[in-house]
Amino acid sequence: ILKEELQTFNWNDVDEYPSFSACDSITAKAEKKVCFQQVLTSHISEFLQNEIIIVSKDIRDTIVLNFQVSDTGNLKLVDAKIDTVTSKEIPNIESLLAKSLDSLPNIFPAIKRGQQVTTEFKLPIIIKVD
């Protein structure tokens, strides 16, 4: 029975996505996921807007960030897909992105069958510097 259960088990889906306390009032799974992504995106964007970034040419880029949320709620930037022009203009962009995560509110990890589990996800962030 256990083997059959493990074969039908969808390992790529969770019962509850990672969440912030700001998303607690939302009960729908898809809406909770959107709320988590919006809180994370706005936090990173606000952090970057408060940084002084000087560039020689305008930057308009979408960076794809790969994150991992551990089963204890720790968020880690695994990888960032950054255009070469953006990397040249803002050489410390990855360290700025990592630093923006330091002041995040507590994250509640994803839940699968009543257990906290580690999850990975991608998040696009738009970078616009004039």
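## Terms first

A pocket, as the word is used here, is an open set of grid points with protein on both sides within 12 Å along at least five of seven lines. Its volume is the space filled by probe spheres set on those points. Rolling a probe the size of a water molecule over the atoms shows where empty space is left.

## The chain as a whole

This is a predicted model. The protein chain has four helices and seven strands. Read from the N terminus, the order is α-β-α-β-β-α-α-β-β-β-β. Along the principal axes, the C-alpha atoms fill a box of roughly 65 × 30 × 20 Å.

## The second largest pocket

The second largest pocket holds about 250 Å³ of space. Two elements each give two or more residues to its lining: helix H2 (29-50) and strand S7 (119-129). S7 supplies the largest share, five residues.

Which residues line the second largest pocket? They are Ser45, Leu48, Gln49, Glu51, Ile53, Ile93, Ile125, Ile126, Ile127, Lys128 and Val129. By class, seven of the lining residues are nonpolar, two are polar and two are charged.

## Where H2 meets H4

Helix H2 also packs against another helix, H4 (residues 93-100). Two packed helices are described by the angle between their axes and the distance between the axes. For H2 and H4 the angle is about 125°, and the axes lie 9 Å apart. That angle makes H2 oblique to H4. The crossing of H2 past H4 is right-handed.

Which residues make the contact between H2 and H4? From H2 come His43, Ile44, Phe47 and Leu48. From H4 come Leu96, Leu97, Lys99 and Ser100. The contact of H2 with H4 counts five nonpolar, two polar and one charged residues.

## A positive phi at Arg113

Most residues other than glycine have a negative phi. What is the phi of Arg113? Phi of Arg113 is near 55°, a positive value in a residue other than glycine.

Where does Arg113 lie? Arg113 sits in the loop between strand S5 (110-112) and strand S6 (115-117).

How values were computed
Residues numbered from 1 in each chain as written. Predicted model: local features only at pLDDT ≥ 70, side-chain atom pairs only at ≥ 80, totals over all residues. Heavy atoms only, no water. 1 Å grid on protein atoms, 1.4 Å probe; cavity = no way out; pocket = protein on both sides within 12 Å on 5 of 7 lines; lining within 4 Å. Nonpolar A, V, L, I, M, F, W, Y, C, P; charged D, E, K, R; others polar. Axes fitted to C-alpha atoms, helices over the stretch in contact; angles between N-to-C directions. Parallel < 35°, antiparallel > 145°, perpendicular 65-115°, else oblique. Left-handed = near helix turned anticlockwise from the far one by under 90°. Contact = heavy atoms within 4.5 Å.
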